Amino acid sequence: MANVLWLQGGACSGNTISFLNAEEPTLVDLITDFGINILWHPSLGMQLGDELQELLINCINGKISIDILVFEGSVVNAPNGTGEWNRFAGRPMKDWLNDLSKVAGFVVAVGDCATYGGVPAMEPNPSESIGLQFLKRQKGGFLGDDFLSQKGFPVINIPGCPAHPDWISQILVAVATGRVGDLTLDEFHRPETFFRSFTQTGCTRNMHFSYKSSTEEFGQRTGCLFYDLGCRGPMTHSSCNRILWNRVSSKTRVGMPCLGCTEPEFPFHDLKKGTVFKTQTVMGVPRELPPGINAKDYAVVTVVSKDARPSWTDEDFFTV
Ligand code: SF4
Ligand code: SF4
């Protein structure tokens, strides 16, 4: 039996909703087949008030063991480092997190806010938000660069806005069943099994990408979303087109550009440059290119590819 305690900081509950929709395995599977015991969760926990406080205190003093501490949302430090803007069970959430992380077997950050600060940590960051072990690309975060959980692991990061439900449930299973050693973490503590390949891997618009055939409208069933709508699929590490959402589709399949939500810098919105749904260009070449591409070569390839473009690239294709 693995005890899981799930807490929520500066969050919109998006990752909770995502988790409750997990399909492979489902939340029920986690409990009935994989020995996970949900000690408490904001949407599932039965304890309130004094009872909840007692539960948390018993976790800290060791009467109840926490095998996995899951944190959703940013760590709120405002105002002035006190954390008073995010009080929970009688004290700042950050103080609970500080105490509970010291006794947890593993600590898992779910979603972009918990991993890297996410939307709340955007400038000017009035809530003084920070991720558990990172602030954007900078390592450290709330728990510090050297933090290791009781089982000797750094914070395991499952980014995304929200994280894909099956990324969450499968990683919880791996940790709970002692297969955590199989999880190789990258430099941003993301398990490689889900975050090594790019969102573009498996995208149904890859042929359009090669022929520089562009789509200019959301939802259009032809063309690639990179050239005009700012798709970040070639620059984003995620398995969204390999492990489909709701088992049937993905953003790019339905004509919505990838926003890069699994990368530490997310959200990429720049108030000075305008909307994220517009590819910024310099002399016709996108300002940001997929890794490894030289801008000059890219410009040449663009001309050749457009010339060689077959007529079917303008045709509607069926995506689900
Ligand atoms: S739509 Fe996005 S992910 Fe798909 S091929 Fe184009 S750039 Fe890549
Ligand atoms: S397609 Fe891109 S923005 Fe959408 S969930 Fe996947 S990584 Fe995030």
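Tutor: What follows is a set of questions about labels, each answered by setting a value against its definition.

Student: What should I know before we start?

Tutor: This is a predicted model, in which local features need pLDDT of at least 70, side-chain atom pairs count only at pLDDT 80 or more, and totals for chains, interfaces and linings use all residues. Residues are numbered from 1 along each chain as its sequence is written, chains are lettered from A and ligands numbered from 1 in the order in which they are written, and side-chain values use heavy atoms, with hydrogens and water left out.

Student: Why is Asn15 called buried?

Tutor: Buried means under 20% relative accessible area, exposed means over 50%, and partly exposed is in between, with a 1.4 Å probe and protein chains only. Asn15 has a relative accessible area of 9%, so Asn15 is buried. Its place is in helix H1, residues 14–20; helices are DSSP runs of H or I with at least four residues, strands are runs of E with at least two, and both are numbered from the N terminus.

Student: What does Asn15 touch, leaving aside its neighbours within four places in sequence?

Tutor: Contact means heavy atoms within 4.5 Å. By that rule Asn15 is in contact with Trp6, Glu72, Val110, Gly111, Gly160, Pro162, Ala163 and Ile168.

Student: Which residues does UniProt list for "binding site"?

Tutor: The unreviewed UniProt entry lists Cys12, Cys113 and Cys161. They span 150 residues in sequence, yet no two of their C-alpha atoms are more than 10.0 Å apart, so they gather at one spot. UniProt positions are given in the numbering used here, feature names are shortened, and annotations may be inferred rather than shown by experiment.

Student: Are Cys12 and Cys113 buried or exposed?

Tutor: Cys12 has 70% relative accessibility and therefore counts as exposed. Cys12 is in the loop between strand S1 (2–8) and H1. Cys113 has 16% and so counts as buried. Cys113 lies in helix H5, residues 112–116.

Student: Why is Ser13 called partly exposed?

Tutor: Its relative accessible area is 25%, so Ser13 falls in the partly exposed class. Ser13 is in the loop between S1 and H1, and its phi is near 75°, a positive value in a residue other than glycine.

Student: Where else is there a positive phi in a residue that is not a glycine?

Tutor: Asn125 has a phi of about 50°. Asn125 is found in the loop between H5 and strand S8, and its relative accessible area is 15%, so Asn125 is buried.

Student: Which peptide bond is cis in the loop that holds Pro124?

Tutor: The bond from Glu123 to Pro124 is cis, with omega near 5°. Pro124 is in the loop between H5 and S8 (129–130). A cis peptide bond also joins Ala78 and Pro79, with omega about -5°.

Student: Which residues are around ligand 2?

Tutor: A residue is near a molecule if one of its heavy atoms lies within 4 Å of it. Around ligand 2 are Thr199, Thr236, Ser238, Cys240, Trp245, Lys251, Cys258, Leu259, Gly260, Cys261 and Thr262. This shell divides into five nonpolar, five polar and one charged.

Student: Why does Thr199 count as buried?

Tutor: Thr199 has 2% relative accessibility, so the label is buried. Thr199 is in the loop between helix H7 (192–195) and helix H8 (206–210).

Methods:
Ala, Val, Leu, Ile, Met, Phe, Trp, Tyr, Cys and Pro count as nonpolar, Asp, Glu, Lys and Arg as charged, and the others, Gly among them, as polar.
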